[in-house]
Amino acid sequence: MVAQIVAVTIFIFMFAMIVLDKIERHYVTLGCGALTLILVFGLCMHSLTAIWETVNLRAIFSLDFWYQAGESVESGSGINWATVIFIAGMMVMVEGMAHVGFFRWLCMRIAKLVHYKTVPIFITFMIMSAVLAMFIDSITVILFLAAVTVELAGLLKFTPIPMILAEIFCANLGGSATMCGDPPNIIIGTSLHYSFLDFITNTGLIAGMALIVVVLYFYFVFRKELKKKTGEITENLEHLDPGKSITDKKGFVISCVIFLCAIVLLITHAQTGLTVAFIGLFIAIVTLLASGKAALSLIKKVDYKTLLFFVGLFIVVGGLEETGILEVIAKFIGNVSGGNMYLMVGIILWISAIASAVVDNIPFAATMIPVIRTLAQTQGMDLSVLAWTMALGTDIGGSATPIGASANVVGIAVAEKDGHHIGWGKYCKAVMPVTVLVLAIATAIIFVRYL
């Protein structure tokens, strides 16, 4: 009982500190992780085994971690090293693509193809945001997309705020479609051993159907603002050359090939047996070898703070799992739903969405995975249905407020830097209704398709 109280106290403190955002979040999770190891496992439980299971280093040295020939076993509690390694590998690849100008070239090329017309750019950038976020971290997608949007707004004389808001939502929606699109999905996939194709044929199908509604929604909400001009266009836009965005033509071609290889490996990893940890490490090594002298620069640009954030987070959640707290939560949800599958799915989807709107969706997802696993075992529910439900709730719900997902914060910051203020009122008025709409669509599809 004492160990449970201490574990819950540390977890609540960690969540509060993340929400307050006074201390960098990787310091918060690492500090709380250290407290979990010392106070919960050491002083309260006197268990070196619990510490060893939570640190989970032995997983890295097992063959199953890199290659799985047959049916895989479920991951235990503790640090999910597969998630950490895969995200690190993708970070290296993305930095390599940015270094040669890939993302800027792509945006400028699309703008030129639609003859620099505001409404077609608005629609194509929304779709591009969703598609890219299926394979690349949504933070990276919004970082370069919002920057190019601001630049185009200056050239074409329109306000970039509607376009940035739409891009943010579409990036979060696109991230829900695949295993590698959003950190919660990576955690779900690696923890429960679902493949890229599992996600794309389940959450991807729902996200694709919702995207049609989202594009129509944002068009009708912002169509008047998009047609307003802030000044006279002075440049001959048709003579702008997207090719000038490429800083290294040879590196550009190599980066494209590496990106395509990553997609192929992810799509086929269930058939090849190669795990996402192997794919992430392989892609990172190939990118660094291809980068030559720029390799050291790419390594330095990797977001180590986020990786450390994951490590500390997994330790704290491991404390909740080892002390049996997550099993208690699962039983509570089971009792509230009364074993009703519709009610259980509804609770998980909407609670996930509401929680992700006000706190970071990554710790919430990591916490809920053992909960849905226990629910599946005790209530006779299909684990995969609960997994897709939680993935959609955390990914889409995070769009509702300016602080619900990291992509939201990044997009608003890029706009602010150029003098375009996006307040809570402006953001929520535009984005919260479509968030509720998409969640309602997801709920209906899950009920019809799975229950």
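A polar contact is a pair of N or O atoms within 3.5 Å.

**Figure 1. The start of helix 13 in the predicted model.** A side-chain oxygen of Asp248 lies within 3.3 Å of the backbone nitrogen of Lys250. Helix 13 itself runs over residues 249-267.

**Figure 2. The span of helix 13.** Helix 13 has 19 residues, and at 1.5 Å a residue they should span 27 Å. The end C-alpha atoms are 27 Å apart, which agrees with that expectation.

**Figure 3. Buried and exposed residues of helix 13.** The buried residues are Gly251, Phe252, Ser255, Ile258, Phe259, Ala262, Ile263, Leu265 and Leu266. They cover an arc of only 165° around the axis, so they are on the same side of helix 13. Lys249, Lys250 and Leu260, on the other side of helix 13, are exposed.

**Figure 4. The neighbours of helix 13.** The buried residues of helix 13 pack against helix 5 (81-99), helix 6 (102-113) and helix 11 (196-200). They also pack against helix 14 (269-272) and helix 15 (276-291).

Figure 5. The secondary structure consists of 23 helices and zero strands. The radius of gyration of the protein is 22 Å, close to the 22 Å that the globule rule gives for 451 residues, so the protein is as compact as a globular protein of that length. Along its principal axes, the C-alpha trace spans about 70 × 50 × 45 Å. Of the 451 residues, 56% are buried. The accessible surface of the protein is about 18,900 Å², and 69% of that belongs to carbon and sulfur atoms.

How values were computed: Residues are numbered from 1 along each chain as its sequence is written. This is a predicted model: local features need pLDDT of at least 70, side-chain atom pairs count only at pLDDT 80 or more; totals for chains, interfaces and linings use all residues. Side-chain values use heavy atoms; hydrogens and water are left out. Helices (H or I, at least four residues) and strands (E, at least two) are DSSP runs, numbered from the N terminus. The expected span of a helix is 1.5 Å times one less than its number of residues. Buried means under 20% relative accessible area, exposed over 50%, partly exposed in between (1.4 Å probe, protein chains only). The arc is that of the directions from the helix axis to the C-beta atoms. Contact means heavy atoms within 4.5 Å. A polar contact is a pair of N or O atoms within 3.5 Å; within protein, one must be able to donate a hydrogen and the other to accept it, and residues adjacent in sequence count only if both atoms are side-chain atoms. The radius of gyration is taken over C-alpha atoms; the globule rule is 2.2 Å times the number of residues to the power 0.38. Accessible areas come from the Shrake-Rupley method with a 1.4 Å probe; for residues, only the protein chains shown count as cover.
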